[in-house]
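Here is a briefing on selected local features of one protein chain. Keep the sequence and the structure at hand while reading.

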Amino acid sequence: MSYRCASCGKADANLKACKACKLVKYCGVVCQVAHRAAHKKECKKKARELFDAQLYAQPPRQEECPICMIPLPLSDDKSVYMNCCGKIICQGCIYYLTRDCCPFCITVSPRTDEEIIKRVSNRIEKYNDPKAMIVMSGFYRNGWHGLPVDQSKEIELVQRACELGSASGHFDLAIYYDEGVGAEQDKKKALLSLSNCSDDGTYGCQA
């Protein structure tokens, strides 16, 4: 990125970048307005590229529903993890849009347990997706989709998700330490794990 004003050409270490595209810098508002006509087309193109890069990032950010763009509910049971694209979609959009395919990437919904396991495994292996790890840990916890109940694999997946910053993973880990499940009971570690997830607003973390 150039350190000269894109409008007047003045060199300055304190130039401000265009907020939309980040490609060029200006002395201030006057220069930015003067350069707008010349920069407008390139700016819009780059801004769209930046937006798409964020929207389709893998693993995706989980702050908003990618369909309605409304912040996701705090409770996990009010949203759905899509094992095709890794998006988390609110129940409202799932209800009002088609249920035969993903509302975001239009991938046909899996029909068998084998397909579900394959898709979630792919999200873990290919994208290192922490949400997919939490989903798969639930399969091993409950023996869902033909998988055996396996506490060691469940905990291993949760720990991997925690290493990647998963708030849901820290919440699950807090329960393990609090109840002594798969690890020695340790109230201090349980509280530490809760503190790691409470700032993200994970449902159940805050008293």
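R4 sits in the segment that precedes strand 1 (16-17). The model is predicted.

**R4 and its surroundings**
- R4 is partly exposed, because its relative accessibility is 48% and that class lies between 20% and 50%.
- Residues up to four places away in sequence aside, R4 touches G9, K10, A11, L15 and K25.
- One of these residues, G9, also makes a polar approach: its backbone oxygen is 3.1 Å from a polar atom of the R4 side chain.
- L15 is 11 residues from R4 along the chain, and the two C-alpha atoms are 7.6 Å apart.

**Helix 4 against helix 5**
- Helix 4 covers residues 113-127, and helix 5 covers residues 130-142.
- Their axes lie 8 Å apart, and the packing angle is about 140°.
- The two helices are therefore oblique to each other, since roughly antiparallel would need an angle over 145 degrees.
- The crossing of helix 4 past helix 5 is left-handed.
- On the helix 4 side, the contacts come from I116, I117, V120, S121, R123 and I124.
- On the helix 5 side, they come from A132, M133, V135, M136 and F139.

**E154 in helix 6**
- E154 belongs to helix 6, which spans residues 151-163.
- Is E154 buried or exposed? E154 is buried, because its relative accessible area is 5% and the limit for buried is under 20%.

**Helix 7 and its ends**
- Helix 7 runs over residues 167-179, 13 residues in total.
- From first C-alpha to last, helix 7 reaches 19 Å, close to the 18 Å expected at 1.5 Å a residue.
- S166 caps the N-terminal end of helix 7. A side-chain oxygen of S166 lies 3.5 Å from the backbone nitrogen of S168.
- Just after helix 7 comes G180, with a positive phi of about 70°.

Key: Residues numbered from 1 in each chain as written. Predicted model: local features only at pLDDT ≥ 70, side-chain atom pairs only at ≥ 80, totals over all residues. Heavy atoms only, no water. Helix = DSSP H or I, 4+ residues; strand = E, 2+ residues; numbered from the N terminus. Expected span 1.5 Å × (residues − 1). Polar contact = N/O pair within 3.5 Å; in protein donor to acceptor, adjacent residues only side chain to side chain. Buried < 20%, exposed > 50% of the residue type's maximum accessible area, 1.4 Å probe, protein only. Axes fitted to C-alpha atoms, helices over the stretch in contact; angles between N-to-C directions. Parallel < 35°, antiparallel > 145°, perpendicular 65-115°, else oblique. Left-handed = near helix turned anticlockwise from the far one by under 90°. Contact = heavy atoms within 4.5 Å.
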